[in-house]
Amino acid sequence: MKDTVIGVDLAKNIFQVHGASRAGEVMFRKKLRRQQFMQFMATQSPALVVLEACGSAHYWARELAGAGHEVRLIAPQYVKPFVKRQKNDAADAEAIVIAARQPEMRFVEPRTEAQQARGVLFRARQRLVHQRTELVNALRAVLYEFGLVVPQGIAHIRHIEAMLGEAVLPEAVKQECLDLLRQISEQSVRIDVRTKKIRMLAQESENTCRLQSMPGVGPLTALAIEAFAPDLQSFRRGRDFAAWLGLVPRQYSTGGKTRLGRITKTGNRQIRTLLVLGATAMLHRAHKWDSAAGQWLCELMARRPRRLATVALANKMARIIWALLSRKEIYRPAGVSVSAG
C-alpha cells in the first residue's frame, strides 16, 4: 500500500490538491492551475491518488496512472459526509482523502478510452432520439391547435404527412409543419447511422456477442453494458450487480421492522432503462419463452401487477448478465448456460 494519499478536487482550470499520510497527518495543501497539475504530480513519489468521479475523472485517472500513481475514483455522495463545516475546494479535497481512508469504502472503476468512445456514441444516439421526439411533439401541438389530433409515437409520421395533404390549413402553418417534417426526417437519418455503428460495434466484442445470446438483450443494451458498467468481476454475485443498477427496493427499516419501497434507481440510468424495456418486450411473449425464467415469469404475472413483474424480470436479467460475463458463458434457451468454448 502507498504511504501517501493525495485527494484531488477536479475542476476546469483550478485544481485543489490535499496530501496526507495513511495516519491522517497533513503533508501539503496546494491550489494548482490545469497546466501545473501534471507537472506537480510527476514530481511526487508514487502515491494513492483519489479523485471524485465526474466528467473528466476517467481521463485524469489514465494520465495519473501513466505517471506511476495508483488511482481510485470515489462517488461524490460518499465524500459529502466527510466535509467539515463550510464547503470549499480545500475542504472537498481533504474530505476525499478522509473518505478514501475508510476501510469499507467503495470506489468507481476508471473507464478506458474505448469504453468512453462507446459511451459517447450511445449518448449521441440517445440525444438525437430526444430531439426527434421534441420535434414530433411540436408538430402534434401545431396540428392540435387546428383541430387535428394525432396519437403519440414516431410511427404516426406517415399519417401526419397524409393529413397535411388533405387538411385545409393556413399556408404559413402548412409550411411550418412541412419544415418540422423535414427536420424529423433528417434526425431519423442521423439516428439510423448511429444505430448501424452501434450494431457493428456490438458484433466486434466477445462480451457483447455473448450478451446478445440472451432474450431481451439486443445490440443497444449489450453496448451500453460494455460502455457504462464496471468489470462485473468486481461484484461478488448477480444480486450485487442488480443492486448497483438500482433494480432493488429502497429500504427504510428500523426497530426490527422491514419496510421496502420503490426501486432505488441508483447506478447507471441507461442500462437500467434498456433492461426494463427489454423486460417489457419479453412480457408480451412470456408464454413462448421456453426456459425456467419464462415459466417463472408466467407464474409471477398471474399473481402480481404487470409493472412489478417487468421490474422483477429486469432484476433477473441483470443477474443472468452477471453470470454470463463473469463465467464467460452463453445463454441457452432451455435455461441452462453452457460454456462458449
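This is a predicted model: local features need pLDDT of at least 70, side-chain atom pairs count only at pLDDT 80 or more; totals for chains, interfaces and linings use all residues.
The secondary structure of the protein consists of 13 helices and nine strands. The protein has 341 residues, and 41% of them count as buried.

In one of them, helix α5, formed by residues 113-145, is paired with helix α7, formed by residues 171-204. The axes of α5 and α7 come within 9 Å and cross at roughly 160 degrees. Angles over 145 degrees count as roughly antiparallel, and α5 and α7 are therefore roughly antiparallel to each other. Their crossing is left-handed. The residues of the contact of α5 with α7 comprise 19 nonpolar, five polar and seven charged residues.

Helix α7 also takes part in a crossing with helix α6, which covers residues 157-166. Here the axes come within 11 Å, and the crossing angle is roughly 155 degrees. This angle makes α6 roughly antiparallel to α7. The crossing in which α6 passes α7 is left-handed.

A further pair is made up of helix α12, residues 292-303, and α13. These helices pack at an angle of about 155 degrees, and their axes are 9 Å apart. As a result of this angle, α12 is roughly antiparallel to α13. The crossing of α12 and α13 is right-handed.

The largest pocket has a volume of about 1600 Å³. Its lining contains 42 residues, and those that lie nearest the centre are Phe 107, Val 108, Pro 230, Phe 235 and Trp 244. Two or more residues of this lining are given by each of the elements α3 (76-79), α5, α8 (206-211), α9 (219-228), α10 (238-245) and α13 (306-327). By class, 19 residues of the lining are nonpolar, 14 are polar and nine are charged.

The second largest pocket has a volume of about 640 Å³. It is lined by 22 residues, of which Leu 247, Val 248, Pro 249, Ile 263 and Val 311 are the closest to its centre. At least two residues of the lining come from each of α10, β6 (249-251), β7 (260-263), α11 (269-284) and α13. The largest share, six residues, is supplied by α13. The lining of the second largest pocket divides into 10 nonpolar, four polar and eight charged residues.

Arg 85 is not a glycine, yet it has a positive phi of about 50 degrees. This residue is found in the loop between α3 and α4, the latter covering residues 89-100. Arg 85 has a relative accessible area of 84% and is therefore exposed. Lys 328, which is likewise not a glycine, has a positive phi of about 55 degrees. Its position is in the loop between α13 and β8, a strand of residues 329-330. The relative accessibility of Lys 328 is 44%, so this residue counts as partly exposed.

Two further residues are located in helices. Ala 95 has its place in helix α4. With a relative accessible area of 1%, Ala 95 is buried, since buried means under 20%. Ala 95 and Pro 81 are 14 residues apart in sequence, and the distance between them in space is 8.1 Å, C-alpha to C-alpha. Thr 43 is found in helix α1, which is formed by residues 34-43. Thr 43 has a relative accessible area of 59% and is exposed, the cut-off for this class being over 50%. The C-alpha atoms of Thr 43 and Ala 67 are separated by 9.4 Å, while the two residues are 24 residues apart along the chain.

Methods
Residues are numbered from 1 along each chain as its sequence is written. Side-chain values use heavy atoms; hydrogens and water are left out. Axes are lines fitted to C-alpha atoms, for helices over the stretch in contact, and angles run from 0 to 180 degrees between N-to-C directions. Helices (H or I, at least four residues) and strands (E, at least two) are DSSP runs, numbered from the N terminus. Angles under 35 degrees count as roughly parallel, over 145 as roughly antiparallel, 65 to 115 as roughly perpendicular and the rest as oblique. A crossing is left-handed if the near helix is turned anticlockwise from the far one by less than a right angle, and right-handed if clockwise. Ala, Val, Leu, Ile, Met, Phe, Trp, Tyr, Cys and Pro count as nonpolar, Asp, Glu, Lys and Arg as charged, and the others, Gly among them, as polar. On a 1 Å grid over the protein atoms alone, a cavity is a set of points where a 1.4 Å probe fits but cannot get out, and a pocket is an open set with protein on both sides within 12 Å along at least five of seven lines; lining residues have an atom within 4 Å of a point. Grid points are joined across faces, edges and corners, and a volume is the space filled by probe spheres set on the points. Buried means under 20% relative accessible area, exposed over 50%, partly exposed in between (1.4 Å probe, protein chains only).
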